[in-house]
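Q: Please take a close look at a single part of this structure and describe its surroundings step by step.

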2 protein chains.
Amino acid sequence: MQRSFIREILEHIGEGVISFAGGLPDDAFFPLRELKETAIVALEDPGTLQYGSSQGDLALRKAIAGAYTRRGVPTRSEEILITSGSQQALDIICRALSLQSVSVETPSYLGALRLFEMLNISADKIELDDEGIAKEGFEQSFTYTKTAYLIPDFQNPSSLRYSRSRRKQIAQIIQEQKGILIEDAPYSELYFHRFLPPISGMIPNQSYHLGSFSKSLAPGLRIGWIRASRERIDTLLAVREAMDLHSNTLAQKMIALWLERPDAHWKHLELLRHNYRAKMLRMAEALERYLPAFRFSRPGGGMFLYGTLPGVDTRALVRACIPHGVLFVPGAEFGGDPDTIRFNYTHPSPEEIDEGIRRIAEVLGKR
Amino acid sequence: MQRSFIREILEHIGEGVISFAGGLPDDAFFPLRELKETAIVALEDPGTLQYGSSQGDLALRKAIAGAYTRRGVPTRSEEILITSGSQQALDIICRALSLQSVSVETPSYLGALRLFEMLNISADKIELDDEGIAKEGFEQSFTYTKTAYLIPDFQNPSSLRYSRSRRKQIAQIIQEQKGILIEDAPYSELYFHRFLPPISGMIPNQSYHLGSFSKSLAPGLRIGWIRASRERIDTLLAVREAMDLHSNTLAQKMIALWLERPDAHWKHLELLRHNYRAKMLRMAEALERYLPAFRFSRPGGGMFLYGTLPGVDTRALVRACIPHGVLFVPGAEFGGDPDTIRFNYTHPSPEEIDEGIRRIAEVLGKR
């Protein structure tokens, strides 16, 4: 198994290099002071450093369950399993279900595709249209796989968000075919205009909803979760215990304490939404100015701008860009066409966005 | 797959219950104040909360590599992979090697046995003698498996430590047969008298040495590591990335900062050795006083007292003990005989040790 292109790039980022490659949140918005305060409180209690519950810190599970309930999906703490990020959540589910095949969007999240490959799970790839995964293709595929892995909100890498009607159609197909949905939702709260309810909420007993604090708070803490029925969570628990016992207890307590602060997380999300939207617009303008050949539509949330440079081999382009200190991920890495690109706009500064796009245009112009 | 008996017990421990069940360190010795200081320093840097390296924090890997080198096993930071505890380390290795079968001690660590079961790895069980895993049985088994999972220092659950000569014999067999050793070493630094060099050090290119801060510092941080050749580590990295990207970065930085303090970790280990030895002696005396039928030998380190209550079904005994507020793990859970028991002496207080053993004797007397 080869290592991922993205992770290799991330590990080689140096001074002066502008990266549009990773799915990194903006460091400047980490609530460092507040999280330090939570760490200090959590470390008053020696229990924070002892072995913990495999299912996860109860206060944290209660807070997450409460957020679902407020979003219209009634949820109890028993229906939440804390994981070390949603990458691990997917690994736990795939192993617990002994999955053989799964219906997925194409292009899709590389980490999921690589995990399926490692587990010898056959990924049946279905194209996206303007409203989400193509309905007919999905229905045909799902008849055989009975399991779907989907990212309906600001999909990685395309940033596409499923329409309300497509969500209903997909839920109906899964319900009728008595199958299972794995809904990966790391970007769902990073909308620029409005929230759309998850597909899982329509089929709460036939779904796993994967959430994460990596995009909404801090990826280094490696805390995510799975929402599923009590019975499903119990099945996952035995597998999870054999994998790594439980997630870091300090990080769980820190986040639980952070969520206890009135409005703190909500205000933080509003800050991210506002700033990420401004950065998205900045990048869209830079692209229109320096790279007018790049075809894209402005996303309604998430962390990526995805589009096409017609006729350009973007793998060759990124190789040519590296010596000029600018990085991005060719869409082909995610299963997209050879002339597609995924740009991350959340991590670079506004000035880096302008300069990075300018450099890419310069490299392209010289070819 | 059933959930583990031990984990279920741990989750049901309540007020007034004396537990000799888990492999829990003593909360009283967690260096809370010092770790709080490291957290405060680590959280000055927003990088602590960002995505990190899959291989692990470089300063932490350097410190661990340095400790191996000082112990006579020359090691570079590239030869260390940071994991979320050694349970995960074993999972990574098993998946990367696509193991089919493995030679193991019996009894052995339940978490490893359960992982092998989950991965459909056939565990070939070999009895222990006074010096370690029985040499002839091991040699026969290893001819077929070519892979061994061993805990040579204060083995869980038996607390047996391999003799110097058995270590050499095992290393020689593995070398001659061109096989692989997975050496699990969570208790190696918790010796009461002297350190013995690991088997891995004799066959550094044919081994994975698994270390952990769970027993020597704080299990809640979920930080362990693998020492192996550069080539082997590279193979593990691709698998690890697909599993959960990387370990909690805050915990890694905290431990790296803790290890930078001159002598802090060494003094901490000395404190643990001294106190755990005193607790072991306290338990040995309580057993001799209240449960003279219990046959055991005093361990030279680690966290457990293991022995036999001849003719007593210890699974039935622990069930009878639960209403009386005292818990232990029957040796049969680890593959031991039905009349064996593993007692943990590190977590209970000295008074709880006396009272717990007294209660068990009382329950036994009434049957």
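A: Ala96(A) is partly exposed, because 19 other C-beta atoms lie within 10 Å of its own. A residue is called buried if 20 or more other C-beta atoms lie within 10 Å of its own, exposed if 12 or fewer, and partly exposed in between, with C-beta atoms placed from the backbone. This is a predicted model, in which local features need pLDDT of at least 70, side-chain atom pairs count only at pLDDT 80 or more, and totals for chains, interfaces and linings use all residues. Residues are numbered from 1 along each chain as its sequence is written, while chains are lettered from A and ligands numbered from 1 in the order in which they are written.

Ala96(A) lies in helix α4 of chain A; helices (H or I, at least four residues) and strands (E, at least two) are DSSP runs, numbered from the N terminus. Leaving out residues up to four places away in sequence, Ala96(A) touches Thr235(A), Leu236(A) and Val239(A). Contact here means that the C-beta atoms of two residues, placed from the backbone, lie within 7 Å. Arg282(A) is 186 residues from Ala96(A) along the chain, and their C-alpha atoms are separated by 43 Å.

Next comes the boundary between the chains. In total, 53 residues of chain A are in contact with 53 residues of chain B. The elements of chain A that give two or more residues to its side of this boundary are α1 (5-11), α2, α4 (85-97), α5 (110-118), α8 (230-244) and α9. Of these, α8(A) gives the most, with seven residues. By class, the side of chain A that touches chain B has 25 nonpolar, 18 polar and 10 charged residues. Here Ala, Val, Leu, Ile, Met, Phe, Trp, Tyr, Cys and Pro count as nonpolar, Asp, Glu, Lys and Arg as charged, and the others, Gly among them, as polar.

A rotation of 180° with 0.0 Å of shift along its axis superposes chain A on chain B (RMSD 0.0 Å), by least squares on the C-alpha atoms of residues with pLDDT of at least 70 in both. That is the relation of a two-fold axis. The same surface serves both copies, since 100% of the contact residues of chain A recur in chain B.

One of the elements on this side is α2 (residues 32-42) of chain A, where Leu35(A), Thr38(A), Ala39(A) and Ala42(A) are buried. Seen down the axis of α2(A), these buried residues fall within an arc of 100°, so they line one face of the helix; the arc is that of the directions from the helix axis to the C-beta atoms. They pack against α9 (249-260) of chain A together with α2 (32-42) of chain B.
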